[in-house]
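Reader: I would like to learn how to read a structure file carefully, feature by feature. Could you take me through one?

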Amino acid sequence: MATTTATSTSTTSTNIGLGKYYASKVGELKGTVQEREADLQRLKARRNELNAKVRMLREELHHLQEPGSYVGEVVKQMGSSKVLVKIHPEGKYVVDLDKDIDIQALKPNTR
């Protein structure tokens, strides 16, 4: 009977020792998981920042590749807000005037 008590005591202490060991391992792994999740969140934020920069650069590149403004010469006034404009390689166009432009300042052959 004394042998049984000693065996059960050593088994209990072994179970307690294993329990502490596994509890410490679980604690370490939880810490590792938290670190990795924090790294994942940081990397996702960085990815979003880089994607925003790429999107902005693509838009800027698209705007740079658009044709520039045409410079034309006034041929004649068509009315109070319309002017016939000749653009050298393209042809002639009737265009509306911006409200900030004085129609009296537009003389033929002005750009």
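Reader: Where does Ser13 lie?

Author: Helices (H or I, at least four residues) and strands (E, at least two) are DSSP runs, numbered from the N terminus, and Ser13 lies in helix H1, which covers residues 2-65. This is a predicted model, in which local features need pLDDT of at least 70 and side-chain atom pairs count only at pLDDT 80 or more, while totals for chains, interfaces and linings use all residues. Residues are numbered from 1 along each chain as its sequence is written, and side-chain values use heavy atoms, with hydrogens and water left out.

Reader: Is Ser13 buried or exposed, or in between?

Author: Buried means under 20% relative accessible area, exposed over 50%, and partly exposed in between (1.4 Å probe, protein chains only); Ser13 counts as partly exposed because its relative accessibility is 44%.

Reader: How many salt bridges are there?

Author: Side chains of opposite charge can pair when their charged atoms come close. A salt bridge is a side-chain nitrogen of Lys or Arg within 4 Å of a carboxyl oxygen of Asp or Glu, and by this rule the count comes to four. Among them is the pair Arg46 and Glu49, whose closest N and O atoms are 3.6 Å apart; these residues are separated by about one helical turn, because they are three residues apart in helix H1.

Reader: Which residue does Lys82 meet in a salt bridge?

Author: The side chain of Lys82 meets that of Asp96, at 2.5 Å from N to O. Lys82 lies in strand S2 (residues 82-87) and Asp96 in strand S3 (residues 91-96), so the pair ties together parts that are 14 residues apart in sequence.
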